[in-house]
Amino acid sequence: LQATRKVLEAVRKTDITVIHTREGHLPDLSDCPYNKLLRSKIIGKGVGIGEQPEGGIGRLLIRGSKSWAIVKEVEPIEGEILIDKAGKGAMGVSNFYMTLQNLGITHLVIVGITTDVCVNTIMTEANDLGFWCLLLKDCTGATDKDNYAGAIKSTKMQGGVFGWVSDSEKFIH
């Protein structure tokens, strides 16, 4: 979080557009595919998307729930765009792609969690749609360090098949 916070502080002093994405579903789960719902219950040992875990502060991945927010250290500020998405990616399950097109954006600097799931999916989608992508490796994280390393490696394979990888210090400089 600290590296991402520093990148945000630096970028906010420029004319670079900051767009945040946040995964979540409608309270009635009408935008959550059954296979995703079922897998979440298996992974969560019986507690899945739309349910509140014992001791939890809200329903999992439900828009507007107390547990559904961007952490304070990197939350959007006034003037930044926040896009809610109903999946791991963003291009087909939100208005992210349309927003990028309408703003004339061609290059993305990608940070966030989790490196091997949402970050990787968005970067792959963006690459397929012709966006130039840069992943800041110290501004991402995963629940498994091997998955994190694999996601970074797959981004860089074949000379950058999905884009480039750098770190926050080089980017800020």
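A residue is called buried when its relative accessible area is under 20%, exposed when over 50%, and partly exposed in between, using a 1.4 Å probe and protein chains only. Helices (H or I, at least four residues) and strands (E, at least two) are DSSP runs, numbered from the N terminus. The model described here is predicted; local features need pLDDT of at least 70, side-chain atom pairs count only at pLDDT 80 or more, and totals for chains, interfaces and linings use all residues. Residues are numbered from 1 along each chain as its sequence is written, and side-chain values use heavy atoms, with hydrogens and water left out.

An α-helix has 3.6 residues a turn, so residues three or four places apart point the same way. Just after helix 4, G130 adopts a positive phi of about 95 degrees.

The discussion now turns to the nonpolar cores. Such a core is a set of buried Ala, Val, Leu, Ile, Met, Phe, Trp, Tyr and Cys residues joined through side-chain atoms within 4.5 Å. The largest one has 17 residues, and those with the most contacts inside it are F96, L100, L108, I110, F131 and C133. Two or more residues each come from helix 3 (96-103), strand 3 (107-113), helix 4 (115-128) and strand 4 (132-141). Helix 4 gives the most, with four residues. If neighbours within four places in sequence are set aside, F96 is in contact (heavy atoms within 4.5 Å) with I19, T21, I83, A90, M91 and I122. Apart from this core lies another, of ten residues, among them A3, L8, I70 and L136.

S168 belongs to helix 6 (residues 168-172). This serine counts as buried because its relative accessibility is 8%. Beyond its neighbours within four places in sequence, S168 is in contact with A3, V7, L136, D138 and C139.

Aromatic rings also link separate parts of the chain. Rings of Phe, Tyr and Trp (its six-membered ring) pair if their centres lie within 6.5 Å; planes under 30 degrees apart count as stacked, over 60 as edge-to-face and the rest as tilted. By this rule there are two aromatic pairs. Y97 and F131 are edge-to-face, at 6.1 Å centre to centre and 85 degrees between the planes. Y97 lies in helix 3 and F131 in the loop between helix 4 and strand 4, so this pair ties together parts that are 34 residues apart in sequence. W132 and W164 are stacked, with 5.5 Å centre to centre and 5 degrees between the planes.
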